[in-house]
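Subject: Structure handover

Hello,

Here is the structure you were expecting, followed by notes on what turned up in it. Please read the notes with the structure open.

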Amino acid sequence: FVKADGDHVYLLHGQTLYVLDAWPAAATEIVGSASIEGNASELLVHDGKVVVFSRVYGDIEGPSDPYYYYYTSYTKLTVFDVEGGAPELLRESYVEGDFASTRRHDGVVRALVRHNVKAQLDYPGITYTNPFGDPYSQAQVDQQVDLWVALVTDAVLHSSVDDYLPSRFERVGEEEAGFTGCCCALRSLHRQDSKCWRAWRS
């Protein structure tokens, strides 16, 4: 991925972001670099800021419980300040799901991230034999189905919209926080917004 902004060129090669001073052309040189986590998906540059989208797979520690881990795929947004030439890390955001596409309009970046529904409501936990391998009667199977329907119905009635939305983790400096819903906006580089997904505003 290569982007140019004024006298600087931004090159995303593998897992490294390079910032080059490209003027004059004959004296082009690397003025800074930064490591990128995951597999790069997109590079965006605007008004002294660089946003890198990447795919991250594996265990990401949940902030609410240090012993609980999620194993899934995440789309990561890494934001750098490049006003001084060398990239300076501003924030890292992880959105549960797979990166699909993104568009920038002026200082606003909108991203589409695909994610399967968390709640598996169409696979009842029904067994047809007892621990010794003997088959259950139809009445016993029906009892299991009725119990499963009752339990799932109760869980759905007591659920919230956050239970169905992808998780998001944010890191600004050394601080980490988790958010259960990703319909929130990253409208600025330093504050959260509860409105609909707009991804990032410079």
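Accessible areas here come from the Shrake-Rupley method with a 1.4 Å probe. On that basis the protein chain has an accessible surface of about 12,100 Å², and carbon and sulfur atoms account for 52% of that surface. Please keep in mind that this is a predicted model.

Overall layout

The protein chain contains one helix and 13 strands. Read from the N terminus, the order is β-β-β-β-β-β-β-β-β-β-α-β-β-β. Of the 202 residues in the protein chain, 34% are buried. Taking contacts between residues at least 6 apart in sequence, 41% join residues at least 24 apart.

Salt bridges

The search of the whole structure gave three salt bridges.

Glu-37 and Lys-76 meet through their side chains, at 2.8 Å from N to O. This pair links distant parts of the chain, 39 residues apart: Glu-37 sits in the loop between β4 (29-35) and β5 (39-46), and Lys-76 in strand β7 (residues 69-81). Glu-37 counts as partly exposed because its relative accessibility is 35%. Lys-76, at 2%, counts as buried, since the cut-off for buried is under 20% relative accessible area.

Lys-76 also forms a salt bridge with Glu-92, at 2.7 Å from N to O. Because Lys-76 lies in strand β7 and Glu-92 in strand β8 (residues 88-96), the pair ties together parts that are 16 residues apart in sequence. Glu-92 has 12% relative accessibility, so Glu-92 counts as buried.

The remaining salt bridge is between the side chains of Glu-170 and Arg-91, with an N to O distance of 1.8 Å. This pair, too, links distant parts of the chain: Glu-170 is in strand β11 (residues 168-172) and Arg-91 in strand β8, 79 residues apart. Both Glu-170 and Arg-91 are buried.

Which residues do salt bridges with shared partners join into one network? They are Glu-37, Lys-76 and Glu-92.

Surface patch

A nonpolar patch on the surface is formed by Leu-121, Val-156 and Tyr-164, whose accessible area together is about 220 Å². Leu-121 is located in the loop between β10 (108-114) and α1 (138-157). Its relative accessibility is 42%, which means that Leu-121 counts as partly exposed.

Regards

Note on methods: Residues numbered from 1 in each chain as written. Predicted model: local features only at pLDDT ≥ 70, side-chain atom pairs only at ≥ 80, totals over all residues. Heavy atoms only, no water. Patch = residues over 30% accessible without salt bridge, like charges linked within 9 Å, V, L, I, M, F, W, Y side chains within 5 Å. Salt bridge = Lys/Arg side-chain N within 4 Å of Asp/Glu carboxyl O. Helix = DSSP H or I, 4+ residues; strand = E, 2+ residues; numbered from the N terminus. Buried < 20%, exposed > 50% of the residue type's maximum accessible area, 1.4 Å probe, protein only. Contact = heavy atoms within 4.5 Å.
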